Amino acid sequence: NRQYGNIEILVGAFEEVERHLLKDSYQFITLIGVFEYAACYTDHEKPFHYMLSLIREHLAPGGKVVLAIENRLGLKYFAGCAEDHVGRYFEGIEGYPNTTDVHTFSKLELTKLFDEVGGYEYRFYYPYPDYKFPYSIYSDHYLPRKGELKDNRCNYDQRRLGLFDEARVFDSLIDNELFPEFSNSFLVLLERKSL
């Protein structure tokens, strides 16, 4: 990319790279499969709050963060998929009892985190079957209908069990308006609020 004058590539630990970024300048910052590792990048006592606060300082007014992350309570984990980051069954849904360096979140946990950090407006989207290889992306304005979520055997990088018929369980969750809470992953657009 040396031939391009509008690209700068920085490599290093998050806090080291962050010092070289311009404040109030970026229209988009992407955290695709990265945010869950915030505790690996900093010793801050609240690494996830800290990371979102630092990133917000670099967004231009109206700039957006694109965050893609697994849902800690995604249906696939109840159905027998190993946790994506550590490869253990039920690790995330049990609250990460054996893990300290990676952490995914439920929709409620992310919402609380965004509200505590402040300075962002946010919208959730629901990639299906997950954000890595989505066939569809749903939103709160267009949620899946019964019978749409049939291809649930996808787990490309980890082993899995087959504990129940996920299509039927998804239909039950859709009937009870619970799909957003059990979506396998999230795509969240966080927009920096104008002051």
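Guide: A patch is built from residues with over 30% relative accessible area and no salt bridge, nonpolar side chains being joined within 5 Å. In this predicted model, Tyr 4, Ile 7, Ile 9 and Val 11 make a nonpolar surface patch of about 440 Å².

Visitor: Why is Val 11 called exposed?

Guide: The label exposed requires over 50% relative accessible area, and Val 11 has 76%, so Val 11 is exposed. Val 11 lies in the segment before helix H1 (14-18).

Visitor: How many aromatic pairs are there, and what makes the pair of Tyr 128 and Phe 170 edge-to-face?

Guide: The count comes to 15 aromatic pairs. Tyr 128 and Phe 170 form one with 6.1 Å centre to centre and 80 degrees between the planes; since centres must lie within 6.5 Å and planes over 60 degrees apart count as edge-to-face, the pair is therefore given that name. This pair links distant parts of the chain, with Tyr 128 in strand S3 (residues 120-128) and Phe 170 in helix H6 (residues 166-175), 42 residues apart.

Visitor: Are Tyr 128 and Phe 170 buried or exposed?

Guide: Buried means under 20% relative accessible area, so Tyr 128 at 4% counts as buried, and Phe 170 at 0% is buried too.

Methods:
Residues numbered from 1 in each chain as written. Predicted model: local features only at pLDDT ≥ 70, side-chain atom pairs only at ≥ 80, totals over all residues. Heavy atoms only, no water. Patch = residues over 30% accessible without salt bridge, like charges linked within 9 Å, V, L, I, M, F, W, Y side chains within 5 Å. Areas by Shrake-Rupley, 256 points an atom, 1.4 Å probe, with all protein chains shown as cover. Salt bridge = Lys/Arg side-chain N within 4 Å of Asp/Glu carboxyl O. Helix = DSSP H or I, 4+ residues; strand = E, 2+ residues; numbered from the N terminus. Buried < 20%, exposed > 50% of the residue type's maximum accessible area, 1.4 Å probe, protein only. Phe/Tyr/Trp six-rings, centres within 6.5 Å; stacked < 30°, edge-to-face > 60°.
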